[in-house]
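This report walks through one protein chain. It covers confidence, fold, core, aromatic rings and salt bridges.

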Amino acid sequence: MSGRPARSSEASPPRVVVVDGQAEHEVFDVVDFSGQVLRVRSAFLFEVGEELSIRIERGGGTADALARVRAHTGPDDARITELEVSELVAPAAGPAAPTGPGGPGGRDGAR
């Protein structure tokens, strides 16, 4: 019997917070993140077309980005909000950092 922990077949979803100046607001429960689209649950109903400054934390790295609310889907009691990550503002340091259009800025991942 091996003493190593079993690997998960699925990566855990990223943590996504809304950034307002120096404050972070944890208002999302990430359901899915594929390509440039985040599917989240939230107690707040953001307007379609609204842009949000967000911070994505995944795999030990973080990145600031802009996201636009694309749609709200599903029934009222299980509403899913789709966010399109449109611009990566500050790429994270670390190999598992999320990437957006344009990818990391520069060789060292800093802009």
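The mean pLDDT of this predicted model is 79. Of its residues, 69% reach 70 or more. Among the secondary-structure elements, confidence is highest in E4, at a mean of 96. E7 has the lowest, at 85. Residues 92-111 stay under 50 in pLDDT. For that stretch the model has 34 contacts beyond four places in sequence.

**Fold.** The protein chain has 7 strands and 0 helices. Its elements therefore run β-β-β-β-β-β-β from the N terminus. Of its 111 residues, 32% are buried. Take the contacts between residues at least 6 apart in sequence: 40% of them join residues at least 24 apart. The accessible surface is about 7,200 Å². Carbon and sulfur atoms account for 48% of that surface.

**Core.** In soluble globular proteins, nonpolar side chains tend to be buried together. Here the largest nonpolar core holds 19 residues. Phe28, Leu38, Ile54 and Leu83 have the most contacts inside it. At least two core residues come from each of strands E1 (15-20), E3 (29-34), E4 (37-41), E5 (51-58), E6 (61-73) and E7 (80-90). E6 gives the largest share, 4 residues.

What does phenylalanine 28 touch, beyond residues up to four places away in sequence? Its partners are Val16, Val18, Val40, Arg41, Ser42, Phe46, Leu52 and Leu83.

**Aromatic rings.** The structure holds 2 aromatic pairs. In one, the ring centres of phenylalanine 28 and phenylalanine 46 are 5.7 Å apart. Their planes meet at 50°, so this pair is tilted. The pair links distant parts of the chain, 18 residues apart. Phenylalanine 28 sits in the loop between E2 (23-25) and E3. Phenylalanine 46 sits in the loop between E4 and E5. Both residues are buried.

Phenylalanine 44 and phenylalanine 46 also pair, with ring centres 6.5 Å apart. Their planes are at 45°, so the pair is tilted. Phe28, Phe44 and Phe46 form one aromatic cluster. Phenylalanine 46 is buried at a relative accessible area of 15%.

Side chains of opposite charge can pair when their charged atoms come close. The structure holds 8 salt bridges.

Glutamate 26 lies in the loop between E2 and E3, and arginine 15 in strand E1, so their bridge ties together parts 11 residues apart in sequence. Glutamate 26 is exposed, with a relative accessible area of 55%. Arginine 15 is partly exposed, at 32%.

Glutamate 57 is partly exposed at 23% relative accessible area.

Arginine 70 in strand E6 and glutamate 82 in strand E7 are 12 residues apart. Arginine 70 is partly exposed, with a relative accessible area of 34%. Glutamate 82, in contrast, counts as buried at 15% relative accessibility.

Conventions: Residues numbered from 1 in each chain as written. Predicted model: local features only at pLDDT ≥ 70, side-chain atom pairs only at ≥ 80, totals over all residues. Heavy atoms only, no water. Core = buried A, V, L, I, M, F, W, Y, C linked by side-chain atoms within 4.5 Å. Buried < 20%, exposed > 50% of the residue type's maximum accessible area, 1.4 Å probe, protein only. Contact = heavy atoms within 4.5 Å. Phe/Tyr/Trp six-rings, centres within 6.5 Å; stacked < 30°, edge-to-face > 60°. Areas by Shrake-Rupley, 256 points an atom, 1.4 Å probe, with all protein chains shown as cover. pLDDT = per-residue confidence, 0-100. Salt bridge = Lys/Arg side-chain N within 4 Å of Asp/Glu carboxyl O.
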